[in-house]
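This report concerns salt bridges, helix packing and a surface patch. The sequence and structure are shown below.

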Amino acid sequence: MATLSLKAAQRYSVPDWFSNNNQISTNSERQHYMSHQIRQEGRALRNETNNQTKWDQEDNSTRLAERMDEVERWKDVLENTLCDINVEIDALTKSKEEAERALEAKNLNLDVVIENLTLREGRQDIDLVTDQVHEQLLKEVEVIEGSKKALQQKITEAFEQLCLLMEARQQLVFDISNKKEALKIDEVALSLNNNSPNISFKPNPLRIPPGSTTKQQWDMFSRYNKDRAEAEMKASTGLREAISATIKNTDNEIEAQRVATDFAFRKRIHEFEQALNELKWQEKNILEDITDLDEDIRRLEADLRAKAAPLKVAHTRLETRTYRPNVDLTRDEAQYGLVDEVHQLEGTIDALKQKLAQSQDALTSLQKQLARIQEDIGFKTHSLCLDKHSMDVRAKLTTPPEKYVSKTDSFPRTPNRQLSEIKCRQLELL
């Protein structure tokens with residue numbers, strides 16, 4: 001006999017069954033809606049992200065191109081500035097060389113003045129005076145030394161300015177080189193696209209490299225290099241104008257002093273010539289006086305000798321008459337006459353001797369004065385020769401070297417050109 005076997009499991013009611021069906025259907029509808037919604041959102045997101053990625057890449061390509069244009073503009077500005085600073089360096093170098101040539105040319109003026117002073121140290125006795133020529137020569141030394149100092153100062157300033165210009169140029173070259181390298185790198189970056197073979201994932205691409213700067217710092221750096229170069233060029237231009245003015249001013253000062261010294265030389269030479277003419281005229285007069293006086297002395301001596309015979313006659317007469325006898329030894333008129341004659345002759349002889357002594361003294365004085373005049377003529381002739389030779393030497397200052405010919409080559413030159421101790425002290429006091 002068959003038995004009823006029932007499965008031991010939980011049993012649901014019919015309503016539960018219908019409820020479960022409804023729940024499954026409802027969940028399916030919900031999942032279908034959500035799936036549809038997600039699919040729509042995924043498609044929209046794909047379109048949006050694709051467009052965003054494309055536009056981001058295009059925008060950054062545009063930014064790279066604009067950045068390259070900006071770097072290129074700065075590079076062009078800096079290259080133009082570099083060209084200008086190279087021109088200014090060449091111009092300042094030429095100005096510096098011109099100042100150096102002007103400084104070297106001043107050595108000729110100084111050599112001539114020192115030679116003049118050395119030559120004039122050869123003046124003798126009373127002619128070794130501190131005259132206007134001497135003062136003008138010392139002033140000329142002072143002017144030349146001042147001019148050389150001013151030129152040397154400008155040369156030093158030009159050297160320092162050249163160093164600053166070269167430093168600014170080096171900074172420009174460095175900045176231009178960096179910008180060229182940056183342009184090459186950005187050009188490579190701009191050329192990359194999704195199909196480029198050399199693209200890959202990089203480790204930590206969002207890192208900030210050490211030494212990175214902001215765009216403002218980058219712009220300030222290039223602007224500083226440009227402004228600094230322009231400032232140095234402006235200073236260099238002013239310095240070149242100052243160098244040119246210094247060269248002209250020193251040339252004018254030295255030329256003015258040269259003219260003043262030449263005038264003093266010509267005036268002094270004229271004074272020497274006048275003094276020589278006067279001395280030669282005095283020499284001529286004294287020589288005539290000596291000749292006349294010498295002739296008078298000879299006549300006085302002759303007259304003095306001539307008085308001896310009359311005096312002897314008078315003496316003899318008086319002596320002879322002393323032998324008259326007795327009362328005839330009378331002091332008669334003849335006796336008185338003879339005595340008067342002796343006194344008269346002795347007075348005449350004394351007067352002649354006195355005049356002879358005076359004449360001889362006068363002759364000695366004239367001879368001494370003549371010797372002094374002739375000595376002074378020698379001094380002044382020597383001094384005049386020295387000053388004329390000095391003027392001949394000074395012709396070097398106005399005559400081209402190839403045309404200069406000394407007019408006094410036979411003049412004995414000083415073996416060395418060192419000044420005397422007194423002259424050196426005078427120059428040190430300037």
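## Salt bridges and helix packing

Lys380 pairs with Asp376 in a salt bridge whose closest N and O atoms are 3.0 Å apart. The model is a predicted one. Lys380 and Asp376 belong to helix H5 and lie four residues apart, about one turn of the helix. Lys380 has a relative accessible area of 11% and is buried; Asp376, at 17% relative accessibility, also counts as buried.

Two further pairs are found in other helices. Lys96 and Glu100 are both in helix H1, four residues apart. Lys96 is buried, with a relative accessible area of 16%, whereas Glu100 is partly exposed at 31%. In helix H3 (residues 215-306), Arg258 and Asp262 are likewise separated by about one helical turn, being four residues apart, and both are buried.

| Salt bridge | N to O distance |
|---|---|
| Lys380 and Asp376 | 3.0 Å |
| Lys96 and Glu100 | 2.7 Å |
| Arg258 and Asp262 | 2.6 Å |

The count of salt bridges comes to 33. A network of them links Arg120, Arg123, Asp131, Arg268, Glu271 and Asp387.

Helix H4 (residues 308-321) has 14 residues, which at 1.5 Å a residue should span 20 Å; the end C-alpha atoms are 20 Å apart, in agreement. Its buried residues are Leu311, Ala314, Leu318 and Arg321. They cover an arc of only 105 degrees around the axis, and therefore lie on the same side of H4. These buried residues pack against helix H5 (333-394).

At the surface, Val14, Trp17 and Phe18 form a nonpolar patch with about 340 Å² of accessible area together. Trp17 is placed in helix H1 (residues 14-120).

Conventions
Residues numbered from 1 in each chain as written. Predicted model: local features only at pLDDT ≥ 70, side-chain atom pairs only at ≥ 80, totals over all residues. Heavy atoms only, no water. Patch = residues over 30% accessible without salt bridge, like charges linked within 9 Å, V, L, I, M, F, W, Y side chains within 5 Å. Areas by Shrake-Rupley, 256 points an atom, 1.4 Å probe, with all protein chains shown as cover. Salt bridge = Lys/Arg side-chain N within 4 Å of Asp/Glu carboxyl O. Helix = DSSP H or I, 4+ residues; strand = E, 2+ residues; numbered from the N terminus. Expected span 1.5 Å × (residues − 1). Buried < 20%, exposed > 50% of the residue type's maximum accessible area, 1.4 Å probe, protein only. Arc of directions from axis to C-beta. Contact = heavy atoms within 4.5 Å.
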